[in-house]
Amino acid sequence: SCRRSIKFFFATTARELVEYLDPVKYALLNLMRKHPDFIKREQLQGCLKEAFVFHSWTPKTPVKIRLLWGLGGMGKSEAAVAFANDHLGDFSLIWTLDCSKGLHLAYQALGERLSEQFKDEFRHIPPSEIPQRVIGFLNQNRFEKPWLLIYDNVDEPLPEEHIPHRGGCVLITSRRKDIWSRDEEGIKVEPFSEKESIGLLKTI
C-alpha cells in the first residue's frame, strides 16, 4: 500500500542519512530495518529508553543490561530492532549478535568488522581469542557515545564474563528468563493488548 511504502521510505532514509553523514559509524552498524508496520508498545519502549538513553555518560559508566523474554512470536526481537532504529543517534556502535549460531561466531563477525576500522587493535589475533579482544575493546570505549549490543535469540545462560562490563548497553532477547542471573533486569514481553491488536489489524 501507499502508506506502507511511505513508512518504509522514511525507515530507509534514516539509515541512509547515517551512512551519508557518518560513514565510519555506519560501518559499525549491524541492524535490521524496523518493520514499516511495527506496532509500538509504548510501555516497553519507554522502559528501554529509560534504561539505555543516558543523561550523563562516560566510557567508564557501568554497562546497562535488559533482557526481553517471553514466548516465541511475542515480538521480542522486533522490539529490540525498533528501539535501536529509533535511537541511532544515541550510540556509537549498534551491533546485533545472532546467538542462535553460538556466541563465539557472533563475536567473530563483530571482531572482523572492528578489525577493518581499528587494524592495530586486532592485528595478528588468533580466531579463538577474538571474543575476549572484542570485549576488552568495548570495555575501553574510545567512542564519543555508548555502544549497544543486541544479543538476539539467546538459548543458554549468558555468563557475565562473556559480555563487556562498561561503556555501553546490552539488550538480550530470549524465550527463557533464566539465561540471565539478575531478575530485576528482565522484562517479560506479553501478548498484544487489545489496543495493540487493533493497531495491528489496521495495517493488514
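Predicted model: local features only at pLDDT ≥ 70, side-chain atom pairs only at ≥ 80, totals over all residues.
1. Helix α3 covers residues 42–52. It packs against α4 at an angle of about 55°, and the two axes lie 10 Å apart. The crossing of α3 past α4 is right-handed.

2. Now look at who touches whom. On the α3 side, the residues are Leu44, Gln45, Leu48, Lys49 and Phe52. On the α4 side, they meet Ala79, Ala82 and Phe83. What is the make-up of this contact by class? The contact of α3 with α4 has 6 nonpolar residues, 1 polar and 1 charged.

3. Helix α5 spans residues 103–117, and helix α7 spans residues 130–139. They pack at an angle of about 60°, with axes 8 Å apart. So α5 is oblique to α7. Which hand does the crossing of α5 and α7 have? This crossing is left-handed.

4. Here is the contact between α5 and α7, residue by residue. Helix α5 brings His104, Tyr107, Gln108, Leu110, Gly111 and Leu114. Helix α7 brings Ile130, Pro131, Val134, Ile135, Phe137 and Leu138. By class, the contact of α5 with α7 has 9 nonpolar and 3 polar residues, and no charged ones.

5. Phe137 turns up again beside Glu121. Glu121 sits in helix α6, residues 119–122. Which residues does Glu121 contact, once neighbours within four places in sequence are left aside? They are Arg133, Phe137 and Arg142. Glu121 and Phe137 are 16 residues apart along the chain, and their C-alpha atoms are separated by 7.9 Å.

6. Next, the largest pocket. Its volume is about 330 Å³. How many residues line the largest pocket? There are 16. Nearest the centre lie Met32, Ser77, Val81, Thr96 and Asp152.

7. Which elements supply the lining of the largest pocket? Helix α4 (76–86) and the strands β3 (93–98) and β4 (147–152) each supply at least two residues. Helix α4 gives the most, with 4 residues. Recall that α4 also packs against α3.

Terms used. Residues numbered from 1 in each chain as written. Heavy atoms only, no water. 1 Å grid on protein atoms, 1.4 Å probe; cavity = no way out; pocket = protein on both sides within 12 Å on 5 of 7 lines; lining within 4 Å. Points joined across faces, edges and corners; volume = space filled by probe spheres on them. Axes fitted to C-alpha atoms, helices over the stretch in contact; angles between N-to-C directions. Left-handed = near helix turned anticlockwise from the far one by under 90°. Contact = heavy atoms within 4.5 Å. Nonpolar A, V, L, I, M, F, W, Y, C, P; charged D, E, K, R; others polar. Parallel < 35°, antiparallel > 145°, perpendicular 65-115°, else oblique.
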